[in-house]
Amino acid sequence: MPAPIRISTLAARFGASAHGEDVLVVRVASLESAGPDALTFLANPRFKPLLESSAAGVVVVRATDAVGLRRPHVIAKDPYLFYAQAAQLLYPQRTANPGIHSSACVDPSARVSDAAEIGPNVVIGAGSVVGAGCIIMANSYVGARVELGDDVLLHPTVTLMDDCQIGSRVIVHPGAVLGGDGFGNAWAGDHWEKIPQVGRVVIGDDVEIGANTTIDRGALEDTVIGSGARIDNLIQIAHNVEIGAHTALAGCVGIAGSTKIGARCQIGGAAMISGHLEICDGAVVLGGTLVAKSIREPGAYGGPYPMQAHGDWVKNAAQLRHLGELAQRVKQLEKTMASLSVATGENE
Amino acid sequence: MPAPIRISTLAARFGASAHGEDVLVVRVASLESAGPDALTFLANPRFKPLLESSAAGVVVVRATDAVGLRRPHVIAKDPYLFYAQAAQLLYPQRTANPGIHSSACVDPSARVSDAAEIGPNVVIGAGSVVGAGCIIMANSYVGARVELGDDVLLHPTVTLMDDCQIGSRVIVHPGAVLGGDGFGNAWAGDHWEKIPQVGRVVIGDDVEIGANTTIDRGALEDTVIGSGARIDNLIQIAHNVEIGAHTALAGCVGIAGSTKIGARCQIGGAAMISGHLEICDGAVVLGGTLVAKSIREPGAYGGPYPMQAHGDWVKNAAQLRHLGELAQRVKQLEKTMASLSVATGENE
Amino acid sequence: MPAPIRISTLAARFGASAHGEDVLVVRVASLESAGPDALTFLANPRFKPLLESSAAGVVVVRATDAVGLRRPHVIAKDPYLFYAQAAQLLYPQRTANPGIHSSACVDPSARVSDAAEIGPNVVIGAGSVVGAGCIIMANSYVGARVELGDDVLLHPTVTLMDDCQIGSRVIVHPGAVLGGDGFGNAWAGDHWEKIPQVGRVVIGDDVEIGANTTIDRGALEDTVIGSGARIDNLIQIAHNVEIGAHTALAGCVGIAGSTKIGARCQIGGAAMISGHLEICDGAVVLGGTLVAKSIREPGAYGGPYPMQAHGDWVKNAAQLRHLGELAQRVKQLEKTMASLSVATGENE
């Protein structure tokens with residue numbers, strides 16, 4: 001448990017102002033469940049009725065929500081961001097407990113910083129480099145010629161195949177696989193010939209990669225993830241994909257080979273992006289969208305087929321297969337109508 | 001191999017009736033491949049022609065399918081359920097072979113029941129509790145302060161991060177990750193700030209979780225899976241999701257953050273459910289459906305876009321983008337038609 | 001690094017012809033980045049402008065692209081296939097370094113070839129068989145009664161549950177799980193009863209299986225993957241599925257239980273295929289398609305709902321729910337029109 005912090009200290013640190021009693025907080029919690037030792041926040045106006053009644057020690061609000069508020073509160077420009085920053089202080093990430101566990105297998109040619117922590121059953125291959133402050137947790141595998149910057153956190157059971165280049169302060173969640181072979185096959189008339197995948201996976205600084213996500217090595221060039229990118233769970237990133245800095249991908253997204261996604265994009269959950277496309281900086285793709293052509297202009301793009309009660313959907317789906325005919329029939333009606341209107345003098 | 005069982009014993013045990021010779025069975029098999037030592041069943045009427053000819057020792061049928069049947073058979077109200085119960089008896093789940101493998105790393109502060117089995121290379125963190133009859137198979141990782149009830153089965157390479165609370169008789173298949181960080185980020189103008197995820201994963205009793213499925217810990221509150229839920233492979237369950245008792249999720253489903261799914265729901269494969277929704281008890285979501293709004297009434301909901309031959313689909317997809325215009329043109333036709341009808345006296 | 005090879009040698013070996021200086025190559029690279037020691041190829045006409053200017057040692061082209069080409073080149077019928085074959089020669093797959101790592105746990109009843117390599121922390125169960133030339137990399141788990149042919153490569157952290165039958169020259173990428181229980185449950189009025197999954201997973205020769213993919217064991221019969229099949233990352237293959245020889249499945253595909261897919265099919269990324277279907281030999285399913293009925297004729301099938309700018313999509317989606325009504329209104333217009341035409345003599 002971290003040491004309690006005064007809300008005046010938090011406010012000063014993150015450019016906000018504290019109002020009312022200068023209470024000590026030790027945790028963060030929701031408006032409903034927060035007790036007197038907890039900081040909470042109001043981001044969603046739906047919860048405004050709970051503002052005064054919440055048992056929280058302090059609540060972080062926008063100036064407009066602070067009018068008449070009698071309880072201890074913090075006024076911040078962006079309460080959600082303030083909460084994130086306060087929580088980081090209250091729940092600091094674990095730091096390395098330097099040393100190599102006796103059950104780990106570290107190749108003699110690997111260079112592991114004395115300030116790194118290598119957990120049980122970890123394997124580190126020939127020529128790899130592990131920077132200061134890195135934590136490689138239990139049962140993770142680091143192949144040959146892998147380079148980790150400083151303060152990288154590999155959660156348990158992470159797999160980094162040969163040649164992965166990882167920046168500093170990267171977090172990889174359990175089960176993620178980086179640097180597996182891309183899906184490259186050439187048809188040889190009666191069977192597939194495997195195409196050796198000789199590119200690497202290159203990850204910038206401050207990237208977070210979710211559980212059981214897979215990022216394939218490049219076929220010829222590298223697969224590249226820009227600094228600050230956020231990649232959720234169960235995401236497939238194929239060979240030669242490039243993802244720009246600070247782009248966020250929600251769970252279950254798939255990105256096919258050689259697609260380039262710009263910086264500061266937001267890709268909603270389960271969106272599926274075809275190969276060899278370009279998505280410009282700042283594009284927002286809604287969850288569940290199938291992206292089959294490039295996006296050249298920033299803005300929001302969507303297209304999930306809407307859910308209906310099953311009976312309605314069955315009727316609709318039947319029509320869906322015949323839209324071309326329906327459009328043809330409307331066109332024919334318009335033509336007939338035009339001649340009819342002439343015949344009856346309707347247009348005169 | 002289990003001991004052979006007489007079909008009269010099975011029938012008596014599970015509320016059914018045995019007819020014909022009281023044969024011994026030792027296995028279950030399909031109607032096509034069953035031999036004289038096997039029990040099989042008829043659930044799908046399509047296979048009724050095989051009823052008499054199957055070489056099975058006994059076939060389990062509904063009363064209506066038993067009329068005139070001369071071979072040994074069992075009449076059960078629900079043959080599929082009877083088969084499930086008989087198979088459980090014939091193929092009992094492996095029980096713990098108590099002890100801790102010499103290669104396992106168990107924190108001295110963890111409390112592991114003497115009646116639990118801990119396999120090779122397993123890691124168990126500080127303060128964790130493992131109940132009687134638990135089996136933790138090879139290469140699995142159990143973090144700190146994790147609690148497992150009795151008779152939990154963790155297959156190989158399962159990862160339970162800190163603070164997971166697991167009920168009794170839970171089965172977790174290989175590669176599943178429970179308690180990884182939820183996807184919480186606040187935009188700070190030019191980068192994302194990580195939001196520490198301080199909730200837990202709480203799993204009820206008798207839950208089954210599929211291979212490579214990921215269930216994230218809560219942001220503030222817990223992520224909760226109700227007792228008896230069945231969760232298939234490669235499913236993503238985001239932070240703060242709640243899933244009711246006995247709800248079943250088929251493979252490749254994704255559930256975004258804070259969505260609450262009721263009890264006894266059935267969510268078809270690859271259905272994707274947006275965040276902050278509520279799905280009522282007893283809802284059925286068809287496979288491939290994108291659920292972007294709450295479901296308030298039990299019943300079946302669908303909406304996958306229907307497959308077509310590629311050429312037809314290209315024509316249709318072109319129309320799909322212009323449905324608004326098409327509807328507008330129909331409206332215009334109706335207006336013109338109405339005035340025309342007046343002009344020609346058609347409505348009189 | 002492999003030994004350099006003359007392009008005349010490569011050409012002779014793979015049925016192509018070398019033209020110009022007989023240079024030595026040691027690597028493959030893209031047209032843009034290749035240096036004088038690299039072989040590159042032109043498959044996409046978009047890159048034709050780079051043909052003469054690329055710094056590559058040699059470029060592989062079709063005869064039609066070779067007209068007037070002054071630089072060293074190879075003329076091949078299928079440059080992409082030639083590149084694949086040349087790359088296999090230049091980057092040969094690692095061969096086994098025979099022996100069992102001291103940290104591996106191999107059951108005394110398992111039969112492991114002296115010519116196999118068993119890595120750190122590998123577990124091999126009772127009665128399993130590992131053929132000559134197999135490489136089982138670190139932290140992988142092989143259950144009981146598993147059989148591996150010769151020259152199988154299990155990357156790190158692969159899980160093969162009991163009874164898996166694996167052919168020769170199979171490659172399994174990290175995190176893949178084969179032989180986990182299928183999703184079988186019978187509803188017992190107020191809870192699910194688990195149905196023991198007693199079938200196996202049977203994999204042919206020369207199959208490649210991607211990272212974090214899951215292939216469930218059969219319920220009664222086996223789940224079967226034909227020889228030469230290519231299965232990408234994060235794919236779910238449910239119990240009793242059968243996949244024909246040389247069929248390729250791109251990333252994020254899901255296949256529900258008991259579906260049978262023929263030989264030489266190509267299933268695009270994120271396609272989702274319902275259970276109990278039959279897909280004939282040679283079918284091509286476009287990425288993102290939901291396949292809810294059997295495919296009886298070879299050819300291409302599609303149906304992903306097209307992406308639009310969000311505003312356009314909102315308008316369209318509103319209409320999508322009312323297609324049945326729209327079709328009804330068009331039908332009514334046609335009827336009225338027909339009677340009007342009669343009234344005005346338009347059709348005479």
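Between chain A and chain B the count is two salt bridges. One salt bridge there joins A:Glu208 to B:Lys194, whose closest N and O atoms lie 2.7 Å apart. These values, like the others below, come from a predicted model.

Turning to chain C, 67 residues of chain A are in contact with 70 residues of chain C. The area buried between chain A and chain C is about 5700 Å², and here carbon and sulfur atoms contribute 68%. The count of salt bridges between chain A and chain C is two; in one salt bridge the side chain of A:Lys194 meets that of C:Glu208, at 2.7 Å from N to O. Polar contacts across the interface of chain A and chain C come to 20 residue pairs, both residues being at pLDDT 80 or more.

How the chains are arranged can be described by superposition. Two copies of a chain are related by a rotation about an axis and a shift along it. For chain A and chain B, the superposition needs a rotation of 120 degrees with 0.0 Å of shift along the axis, and the RMSD is 0.1 Å. This is why the two chains can be said to stand in the relation of a three-fold axis.

A search of the whole structure finds six cavities of 30 Å³ or more, and the largest cavity has a volume of about 460 Å³. Its lining consists of 28 residues, of which A:Ala270, B:Ala270, B:Met272, C:Ala270 and C:Met272 lie nearest the centre. By class, the lining of the largest cavity has 21 nonpolar residues, seven polar and no charged.

The second largest cavity holds about 110 Å³ of space. It is lined by 18 residues, and the closest to its centre are A:Thr157, B:Thr157, B:Gly175, C:Thr157 and C:Gly175. The lining of the second largest cavity divides into six nonpolar, 12 polar and no charged residues.

Notes
Residues are numbered from 1 along each chain as its sequence is written. Chains are lettered from A and ligands numbered from 1 in the order in which they are written. Side-chain values use heavy atoms; hydrogens and water are left out. On a 1 Å grid over the protein atoms alone, a cavity is a set of points where a 1.4 Å probe fits but cannot get out, and a pocket is an open set with protein on both sides within 12 Å along at least five of seven lines; lining residues have an atom within 4 Å of a point. Grid points are joined across faces, edges and corners, and a volume is the space filled by probe spheres set on the points. Ala, Val, Leu, Ile, Met, Phe, Trp, Tyr, Cys and Pro count as nonpolar, Asp, Glu, Lys and Arg as charged, and the others, Gly among them, as polar. Copies are superposed by least squares on the C-alpha atoms of residues with pLDDT of at least 70 in both. Contact means heavy atoms within 4.5 Å. Buried area is the accessible area (1.4 Å probe) that two parts lose on being put together, summed over both. A salt bridge is a side-chain nitrogen of Lys or Arg within 4 Å of a carboxyl oxygen of Asp or Glu. A polar contact is a pair of N or O atoms within 3.5 Å; within protein, one must be able to donate a hydrogen and the other to accept it, and residues adjacent in sequence count only if both atoms are side-chain atoms.
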